Amino acid sequence: MFKFIALVACLAVAVLAYEDYHSHPKYKFEYGVKDGHTGDNKEQWEHRDGDAVEGSYSLHEPDGTHRVVNYKSDKHAGFQAHVQREGHAQHPPVYGEHIDEHSHGGESYANIDQHH
């Protein structure tokens, strides 16, 4: 009798696992971060219904530009993304306080002397 109950319990677990594996996935989410201290600004949203996924994310790049990526995916067309970059990249002209002809302007440099 115990073996029969154990067998029925195992079959019930297998049926539940099969149904969960073959269930229809469906969800929505979104989030955002806006940190004025670090400048970390980003957001994302995504919707899924079965095999169809659609979403977008955006973030502020360190160079001052704003990247926006809109994407879609399904089993027929595959993954498709459209990337936009808004604004113009701006970099500081000089890093550090003072640069002279003997200074490298930072902690990292390369000195290459190749003889042939």
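In which strand does F29 lie? F29 belongs to strand β1, residues 26–35 (strands are DSSP E runs of at least two residues, helices H or I runs of at least four, numbered from the N terminus).

This is a predicted model, in which local features need pLDDT of at least 70 and side-chain atom pairs count only at pLDDT 80 or more, while totals for chains, interfaces and linings use all residues. Residues are numbered from 1 along each chain as its sequence is written, and side-chain values use heavy atoms, leaving out hydrogens and water.

Let's start with confidence, given as pLDDT (the predictor's confidence in each residue, from 0 to 100). The protein chain averages 78, and 62% of the residues score at least 70.

Now to the salt bridges (a side-chain nitrogen of Lys or Arg within 4 Å of a carboxyl oxygen of Asp or Glu). The structure holds four, including these:

| Pair | N to O distance |
|---|---|
| D51 and K75 | 3.8 Å |
| R67 and E61 | 2.7 Å |
| R85 and D63 | 2.3 Å |

R85 sits in strand β5 and D63 in the loop between β3 and β4, so this pair ties together parts 22 residues apart in sequence. By relative accessible area (buried is under 20%, exposed over 50%, partly exposed in between, with a 1.4 Å probe and protein chains only), R85 is exposed at 55%, whereas D63 is buried at 12%.

Back at F29, the relative accessibility is 32%, so F29 counts as partly exposed. Q44, in strand β2 (residues 40–49), is buried at 19%.
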